[in-house]
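Trainee: Hi! Could you walk me through this protein while I look at it?
Mentor: Happy to, let's start.

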Amino acid sequence: MTSRDTGFAPLTAAAPQLTRRTSRRLLLAAGLAQVLVLLATFGRLLGHPGQYLLVNHYDGIRSYYALATVLRQPLSQGLLDHGTNYPFGEYLFYTDIAPGFSIPLHGLVRAVPGLEPYGAYAFDLFILSGFALGTVLLLSMLRRLAVPAWLALVLSVALPWLAPQAIRLGVGHLALAYVPAVLGPLWVLQGLYGAWRAGRPLGRWWLGLGGALVAASWVHFYYLGIMGMWVGLFLVLWLGREALAARPWRALAGRAAAMLGATLVFTFGLLQVLDKRAGERPAGADGYDWIEWKFQVGSLFKGYVFNKVRFLFERTAGVPYESSAYLGAFALYGLVVVAVLAWVSRARRRRGLAGPALLPALPPATEPSRAWLHLLLLATLPLVLIALGEEIHLDNDYYVVHNYLNPFLWLHKLTVRVTQFRALGRFIWPFWWALLLGFSWYAGLAWRQAAARSSRGLQALWVLLAGLAVVDAVHATRHYHDNSQRDNLLRAPATAAIHELVGWPEPGRYQAILPLPYWHQGTKVDDAPYLGVDPDDPHCNNGYQLGLITGLPLMSNKAGRTPGYQAAELQSMFRPGGPDPALLARLDPRPILVFLDTAYYDGRNNYYREQLKDRPEVLALFERVPAFIQEQHMRRLRHQGSWSLYEWQARK
């Protein structure tokens, strides 16, 4: 099929053609500009390998610890992380360390052992490199959309910092902050559509699209749901349009089905093969349709804490981080400007006043860039409905809207597996990107019209709007500069106090570490009884430090989709009568090193009592710890402040 056959021009036809050399220089300039921004923002971390982490709390420090324990293991131990959940361990797919990166890194570290201390640094480099790669991908996409070079350059550097993924850096969801996981598949999808419009061969584009979706999924499996559905819906709309127009569509449908099927095989299918416990894991997940994890419409207008330029109106209440989707000053004030100029133009026409157009007329619906963006935006609408949840609560929960248009509502009736994508607010990300890409395209049209008519005032207006994106990005980078790059708590000098407590290197004497109070998170709430205990961050970090210093695995766990029987066996340690025989059978004859922090029992820190006050059965297990130590005849080895180390002969 040729562009003459369809009556369509190639996707880039509206753009002034740059030479290949000029285009490469522009891409190089954008990439270098973003690298400079990264150096200015994260210079302390980048300039001191291993001394700092992007974050050192909550899920972030958990991921770094999991990566550290995986990298110290021999390759013969496979994909099971033996650093936590002892004696079961946990597959690294559930530890948020981007398996597509950490598995090859593991092989490299085992080949070059001297790289092991820099594993966390390499992981941070991977995540931050996503901003530079995202900039190059975004610039290429904007140039295909005929966005002027200067505007494309500005937006390609600024928008990755404003995207909903970037905010994940603050909460430690590092793999979710990898921007190319969204822009990579989009770039290939745009190339595929453009090649089809131009009548060029499509084979490499189909392969590239499948590869991009697979790569994104192995960064974080939420991207399989988010990007897989977005691309799939785009293809359905595209094929539907061709079928309705009585144009050939069956060949496209066959290739699309093959690509999506292969993507599913090499992601979900491969995971089922690699995860030997797939059949033991809960099919569903907790937190699905929880208000704090759903998209809230006000988040589109609610600036982040670092934004200095606020929108005309915004909600006063904070926005849950899972709902973060602020559109930014460039898009929001740009839409206001467009509305005002449209109103002025209409009023002028009503009065019969002549004058130059203030806004560009949209090109025909068949124009390639507009057609692609139209399909892209339409494909996000089902995802917006998913992000809103199955129920939409209004007026302080006095009213509820049953969201029957939500595809997940109907899928949920067929399978509980859909609840694995429980953080529904993340499905708003495609809408954010589609809207920003669309408005960037329209801003480019407006600039070109103003430039062609030498309208300096309108040109200045669009430059000012683009400047708002720069202002937002500057404030974002300052925020990340000041609120990330934390001390690496998993190495000296942060580990000095724990190292002093241990005092002696006896790596082979003990089989594992039991932190007390005990924490174990990852099982489902509807497991009877629910035994999950969230750790207090300092206590959790002390356990991680102890694990790395001694080289011993922790009997605690913080992951997702852990089989419930594992938590039940581990929690049985604290019941009257002692551990479950099934657990004892999994242990070897060596003693267990017990790490106790008495501050949680003598009233100095009531974190666990407050957490468990409405769960009397688990609270009773927490309160039994002093009796557990006595009943098991543990021998105290060391004491330092509120910390004590005990030796427990579990199998005697």
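**A chat about the fold**

Mentor: The protein exposes about 27,400 Å², and carbon and sulfur atoms supply 62% of that area; areas come from the Shrake-Rupley method with a 1.4 Å probe, and for residues only the protein chains shown count as cover. This is a predicted model, where local features need pLDDT of at least 70, side-chain atom pairs count only at pLDDT 80 or more, and totals for chains, interfaces and linings use all residues. Residues are numbered from 1 along each chain as its sequence is written, and side-chain values use heavy atoms, with hydrogens and water left out.

Trainee: How many helices and strands are there in the protein?
Mentor: There are 22 helices and twelve strands. Both are DSSP runs numbered from the N terminus: helices are H or I with at least four residues, strands are E with at least two.

Trainee: What share of the residues is buried?
Mentor: Buried residues make up 55% of the 652. Buried means under 20% relative accessible area, exposed over 50%, and partly exposed in between (1.4 Å probe, protein chains only).

Trainee: Which residues touch the most other members of the largest nonpolar core?
Mentor: They are Leu186, Trp230, Phe234, Leu514, Leu516, Met555 and Met573, in a core of 205 residues. Helix H14 (residues 429-452) gives the most to this core, with 14 residues. Such a core is a set of buried Ala, Val, Leu, Ile, Met, Phe, Trp, Tyr and Cys residues joined through side-chain atoms within 4.5 Å.

Trainee: What does leucine 186 touch?
Mentor: Leaving out residues up to four places away in sequence, leucine 186 touches Met141, Met227, Trp230, Trp372, Leu376 and Leu437. A contact means heavy atoms within 4.5 Å.

Trainee: New topic: which residues of H4 are buried?
Mentor: Pro99, Phe101, Ser102, Leu105, His106 and Val109 are. Seen down the axis of H4, the buried residues fall within an arc of 150 degrees, so they line one face of the helix. The arc is that of the directions from the helix axis to the C-beta atoms.

Trainee: And what do those buried residues pack against?
Mentor: Helix H3 (58-71) and helix H5 (119-144). On the face turned away from the buried side, H4 carries the exposed residues Pro104 and Ala111.

Trainee: Last one: where is alanine 245?
Mentor: Alanine 245 is in the loop between helix H9 (222-244) and helix H10 (250-274). Alanine 245 counts as partly exposed because its relative accessibility is 35%.
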